[in-house]
Amino acid sequence: MGQKKGPADDTIEPKKRRRVGFSSVDSGVEAKDCIKIYLVSSKEEVGASNSFCIDPVDLNNFFEEDGKIYGYKGLKITIWISSISFHAYADIAFESTADGGKGITDLKSALQKIFGETLVQSEEEFTQTFSTQRNFIRSIISNGEVLQQKVSSTSDVEVVRMVVGKTAAGPLYSRLIPLVFLLVDGASPIDVLDPSWELYLLVEKKTDQQGVIYNTLLGFTALYRFYHYPDSSRLRLSQILVLPPYQHKGYGRYLLEVLNGVAVSENVYDFTVEEPLDYFQHVRTCVDILRLQKLESVQDAVNLAVSQLTRGKLSKKANIPRLMPPTRVIEDVRKSLKINKKQFLQCWEVFIYLGLDPVDKYMEDFVSIVSNRMKEDLIGKESGTGGKQVIEVPSEYIPEMSFVMFKSKASEATSTVQVDENQPNQEEQLQQLVDERVNEIKSIAETVSQHRTSIAESS
């Protein structure tokens, strides 16, 4: 007979199950959160706690598709850029590396994309440039044309013009490209072989402790000179940058004033700006208003427009006038000050606002005029209005630059502005744009009024 089995012994431990671990997926770190960039003017500033930190800088678009760095734990990258020679050195520190599912970012390659040949391999090599490259800027500008000097008790600043392709401007700009990438939104390098490009360098003369004179670059602007039939040219400002330590000290405005002087003295057709950022446009408009107020034809036209606006309740009328300046005044402004029509109209609305007294009494009518103008500019007076179309045509010479422009019929017109088909939403978008424009006008008017007051008090 088989032996009878007894009850199970509860004291016997059950067999342990094997645990399987899954490593966490690497979520990465944003470049801006682990990289610090410093602009230094001497080897003593390298690693010093009071070095000038360039912040904020958008670095994300230089790393991967989502702007993140993968595969590093405790990553810290410190980059120093010399304001003397514009070489750069990157100190990379981290605890460990591991492929967490998205690989390990090649930091050297990524930094090389930003800094190119300016990136040196060692800290020692970088610090040596402060002595070996001490006269880099001075040697570069030696063949340039000094346009204007601004001498004071504290500084000696001058603007030097250099034609790209004919002077050493190209090698200098090549070293400035990393700062252009980092500090100028949406910037792309200029062609350093095209002689139609001109660099205007804002340079300060300094003396070191040994009494040796050297030059520091405070900022620069790049202009393109277009041919204008039959015997003139047009100047277009493409890039302008005042280095971070020298910003908000009036240097950008000073550069702009020098460029305005060049445009007038050389009698170019006009002076324009390529896609100006909001802050620069604010400064530009303030400068141009102060120039425009000296033209009698402008003042007469403004006075007439203001008198029409203050005559009655325009906002209650079916057809609100735009109160545009006469064509002859627009042409006078272009010929005298080289301000094109688009920029003059930016200033025009500010002039009208400044002429309202009291401003609160006529604000509703003023906003109506701005709204009416923007509606016509963005949407059109009526749907189906004629416009211009551009079509590509076959060509053996640079196909991507071959096209024909023609005036279309009403049914073929295409709008250059994306307008939501939903009518309530369209009106809401328009109102938002009008509010932004009115606030912009108020801000510019306030700046101009303060400048006028300071001039009156000093005189």
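User: Which helix gives the most to the lining of the largest cavity?

Analyst: That's α7, with three residues. Keep in mind that this is a predicted model, where local features need pLDDT of at least 70, side-chain atom pairs count only at pLDDT 80 or more, and totals for chains, interfaces and linings use all residues. Residues are numbered from 1 along each chain as its sequence is written, and side-chain values use heavy atoms, with hydrogens and water left out.

User: Why is the space they line called a cavity?

Analyst: On a 1 Å grid over the protein atoms alone, a cavity is a set of points where a 1.4 Å probe fits but cannot get out; lining residues have an atom within 4 Å of a point.

User: How many lining residues of the largest cavity are charged?

Analyst: Four, alongside four nonpolar and two polar ones. Asp, Glu, Lys and Arg count as charged; Ala, Val, Leu, Ile, Met, Phe, Trp, Tyr, Cys and Pro as nonpolar; the others, Gly among them, as polar. The lining includes Arg284, Asp288, Arg291 and Lys338, so these four fall in the charged class.

User: Gln343 is in that lining too. Is Gln343 buried or exposed?

Analyst: Buried means under 20% relative accessible area, exposed over 50%, partly exposed in between (1.4 Å probe, protein chains only). Gln343 has 2%, so it is buried. Gln343 sits in helix α10 (residues 341-355).

User: Which residues does Gln343 touch?

Analyst: Gln281, Arg284, Thr285 and Asp288, leaving aside residues up to four places away in sequence. Contact here means heavy atoms within 4.5 Å. Of these, Arg284 and Asp288 also line the largest cavity.

User: What lines the second largest cavity?

Analyst: Ile81, Phe86, Phe115, Thr118, Arg175, Pro178 and Leu179. Helix α5 (residues 169-183) gives the most, with three residues. By class there are five nonpolar, one polar and one charged, around about 30 Å³ of space.

Terms used
Helices (H or I, at least four residues) and strands (E, at least two) are DSSP runs, numbered from the N terminus. On a 1 Å grid over the protein atoms alone, a cavity is a set of points where a 1.4 Å probe fits but cannot get out, and a pocket is an open set with protein on both sides within 12 Å along at least five of seven lines; lining residues have an atom within 4 Å of a point. Grid points are joined across faces, edges and corners, and a volume is the space filled by probe spheres set on the points.
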